[in-house]
Amino acid sequence: MYKPLNINKKDIVIEAQMLVRRPVADVFTAFIDPEITRHFWFTSGSSILEKGKTVVWTWEMYGVSAEVEVLDILTNEKISVLWGEPRTHIDFLFRPVSPASTYVQIRNYGFEVLEDEQLISFLTDSTGGFTTVVDGLKVYMEQGINPGLIADKFPAGH
């Protein structure tokens, strides 16, 4: 028998994080500029992120796009967006650890509209997806190669 979750959905925050051995300005720019981001996350973005702007991110290998509403940007510190179906909040946080390294956190929250059974699946997918993003970011920023992690996460036929 199904038993409802006894949690306040407004308190749920999923996080993915990683130390990237690059200066904070470089790591921040990697998320702002789709010409860089496409090397570790989506295949194309309609525009550079700017506060108040809505952009489209596309994953061509999956035939999927997402509208991303940019809520706030604090240079080299934070990017806040609203995206997806259902709409959820994402904060990208950047903290310099040294002049040559940055701690990146991606926080996803605002899951109130999901039913309990959907919520568990959504949280699992979101956690895994954003972990793959920070892993790809690290490889690209430190080694200069596109690791293909997003494309390889769900290869054709699997």
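Biologist: Which residues form a nonpolar patch on the surface?
Modeller: In this predicted model, a nonpolar surface patch is formed by Met 61, Tyr 62 and Val 64, which together have about 230 Å² of accessible area.

Biologist: Where is Tyr 62 found?
Modeller: Tyr 62 sits in the loop between β3 and β4.

Biologist: And why does Tyr 62 count as partly exposed?
Modeller: Its relative accessibility is 30%, so Tyr 62 counts as partly exposed, given that this class lies between the 20% limit for buried and the 50% limit for exposed.

Biologist: Switching to the inside, how many residues has the largest nonpolar core?
Modeller: That core has 38 residues, and those with the most contacts inside it are Phe 31, Trp 41, Trp 57 and Phe 92. Elements that give two or more residues to the core include α1 (24–32), β3 (54–59), β6 (88–98) and α3 (116–143), with α3 giving the most, namely eight residues.

Biologist: What does Trp 41 touch?
Modeller: Leaving aside residues up to four places away in sequence, Trp 41 touches Phe 31, Trp 57, Trp 59, Trp 83, Phe 92, Phe 130, Val 133 and Ile 150.

Biologist: New topic: which strand is Glu 67 in, and what does Glu 67 touch?
Modeller: Glu 67 belongs to strand β4, and its contacts, again not counting residues up to four places away in sequence, include Thr 54, Val 55, Val 56, Trp 83 and Arg 87. Although Glu 67 and Val 55 are twelve residues apart along the chain, their C-alpha atoms are separated by 5.8 Å.

Key. Residues numbered from 1 in each chain as written. Predicted model: local features only at pLDDT ≥ 70, side-chain atom pairs only at ≥ 80, totals over all residues. Heavy atoms only, no water. Core = buried A, V, L, I, M, F, W, Y, C linked by side-chain atoms within 4.5 Å. Buried < 20%, exposed > 50% of the residue type's maximum accessible area, 1.4 Å probe, protein only. Helix = DSSP H or I, 4+ residues; strand = E, 2+ residues; numbered from the N terminus. Contact = heavy atoms within 4.5 Å. Patch = residues over 30% accessible without salt bridge, like charges linked within 9 Å, V, L, I, M, F, W, Y side chains within 5 Å. Areas by Shrake-Rupley, 256 points an atom, 1.4 Å probe, with all protein chains shown as cover. Salt bridge = Lys/Arg side-chain N within 4 Å of Asp/Glu carboxyl O.
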